[in-house]
Amino acid sequence: MKLIVNGKALEIDASTLAALLAALDYEGDWLATAVNSDLVHKANRADFQLSDGDRIEILSPMQGG
Amino acid sequence: MFELLGTTLPSRLLLGTAQYPSPAVLADAVKASGTSVVTVSLRREMAGGRAGENFWSLIRALGTRILPNTAGCHSVKEAVTTAKMAREVFGTNWIKLEVIGNHDTLQPDVFGLVEAARILCEDGFAVFPYTTDDLVVAERLLEAGCKVLMPWCAPIGSALGPVNIAALRSIRGHFPDVPMIVDAGLGRPSHAATVMELGFDAVLLNTAVAKAADPVGMARAFGKAVEAGREAFGSGILEPREVAVPSTPTFGRAVFA
């Protein structure tokens, strides 16, 4: 399946958001996720089905002003 | 002490966490400033990366309150989604709402700002809107549900200081009971003291401290300036006069002629 993860196009087999995070070695309570510009809560990642062409953002705390 | 949205804060200075020479200097600057609120952001994490974890550990160790921002968002949708992501990660409903309208000046898109503020206030956020010094926009933000306002005094990172004192005076005077934090554009401690003397409740700054030759010393200086300005505001500042008035009593002056 083709996905765009943090702006990069990837070809990857991951049916759910949780599976995608695991496949890409993303791990931690401090991560926030959005699919197609909408927040996907931590608790919903395991059930969230991904589709071809989905745009996924994986964010974490950074310096800010 | 400073009462903000039901929270008592020991300091009227809010400090950004970006652009410091090192994490250690950031931590020391936060301590030296006396601030009790720091701003943070969310950015893309690298696969397998731990940058976010390291930064988050550092921030939690500071023991301050967290004010996440939506810096860099140029649309209502981006800002709203970022705010929701920040609420989940940082565990606070406080959000510094930025909807940027111009790449060069980083001026807020005040139309998008009001729209995003309404959506987030209805969703239970305590929205701290980064806005201009425009009075009508301030009114609209309050109508949208904001309980605090954050007018700029100059463009972000410009260090120009308060470029439109009359507008700041006006916005302060029109909403005497609304907590107002001057955010962005402060370059030196005297700028902070000036806006505090006008009666603003607090200031938020980042670059002026982080990019100083000695960020820790500058953080301390800003902390003192904010306190001095606030105390001056509460102490009745003398209005300027066009003529000289002797400060030493003229009565009892010796005559030697």
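Q: Which residues is Gly185(B) in contact with, leaving aside its neighbours within four places in sequence?
A: In this predicted model, Gly185(B) is in contact with Cys153(B), Ala154(B), Pro155(B), Ile156(B), Gly157(B), Ser158(B), Ala159(B), Leu160(B) and Gly161(B), once neighbours within four places in sequence are left aside.

Q: And where in chain B is Gly185(B) found?
A: Gly185(B) is in the loop that runs between strand 9 (181-183) and helix 7 (189-197) of chain B.

Q: Buried or exposed, then, for Gly185(B)?
A: Gly185(B) counts as buried because its relative accessibility is 5%, and the cut-off for buried is under 20%.

Q: Which residues does the UniProt annotation "binding site" cover?
A: According to the unreviewed UniProt entry, the "binding site" annotation covers Gly157(B), Ala184(B), Gly185(B), Asn206(B) and Thr207(B). They are spread over 51 residues of sequence, yet they cluster in space, with a largest C-alpha distance of 9.3 Å.

Q: Which of that set are in the lining of the second largest pocket?
A: Gly157(B), Ala184(B), Gly185(B), Asn206(B) and Thr207(B) are taken in by the lining of that pocket.

Q: Thr207(B) is on that list; where is it found?
A: Thr207(B) belongs to helix 8 (residues 207-210) of chain B. With a relative accessible area of 24%, Thr207(B) is partly exposed. Leaving aside neighbours within four places in sequence, Thr207(B) is in contact with Gln19(B), Gly157(B) and Ala212(B).

Q: Changing topic: how many disulfides does a search of the whole structure find?
A: The search finds 0 disulfides over all chains. Cys73(B), for instance, is in no disulfide, and the nearest cysteine sulfur, that of Cys146(B), is 16 Å away. Cys73(B) is also buried, at a relative accessible area of 6%.

Q: Let us turn to Arg172(B). Where is its place in chain B?
A: Arg172(B) sits in helix 6 (residues 165-174) of chain B. Arg172(B) counts as buried because its relative accessibility is 8%.

Q: Which backbone oxygen does the side chain of Arg172(B) reach at 3.4 Å?
A: That oxygen belongs to Pro176(B).

Q: What else is Arg172(B) in contact with?
A: Beyond its neighbours within four places in sequence, Arg172(B) is in contact with residues including Asp177(B), Val178(B), Met180(B), Leu198(B), Phe200(B) and Asp201(B).

Q: One last topic, in chain A: where does Asn36(A) lie?
A: Asn36(A) lies in the loop between strand 3 (32-35) and strand 4 (38-40) of chain A. At 32% relative accessibility, Asn36(A) counts as partly exposed.

Q: How far apart are Asn36(A) and Arg55(A) in sequence and in space?
A: Asn36(A) and Arg55(A) are separated by 19 residues in sequence, while their C-alpha atoms are 5.0 Å apart in space. With neighbours within four places in sequence left aside, Asn36(A) is in contact with Asp54(A) and Arg55(A).

Q: What joins the side chains of Asn36(A) and Asp54(A)?
A: The side chains of Asn36(A) and Asp54(A) are joined by a polar contact of 2.9 Å.

How values were computed:
Residues numbered from 1 in each chain as written. Chains lettered and ligands numbered in written order. Predicted model: local features only at pLDDT ≥ 70, side-chain atom pairs only at ≥ 80, totals over all residues. Heavy atoms only, no water. Helix = DSSP H or I, 4+ residues; strand = E, 2+ residues; numbered from the N terminus. Buried < 20%, exposed > 50% of the residue type's maximum accessible area, 1.4 Å probe, protein only. Polar contact = N/O pair within 3.5 Å; in protein donor to acceptor, adjacent residues only side chain to side chain. Contact = heavy atoms within 4.5 Å. Disulfide = S-S within 2.5 Å. UniProt positions renumbered as here; feature names shortened; annotations may be inferred. 1 Å grid on protein atoms, 1.4 Å probe; cavity = no way out; pocket = protein on both sides within 12 Å on 5 of 7 lines; lining within 4 Å.
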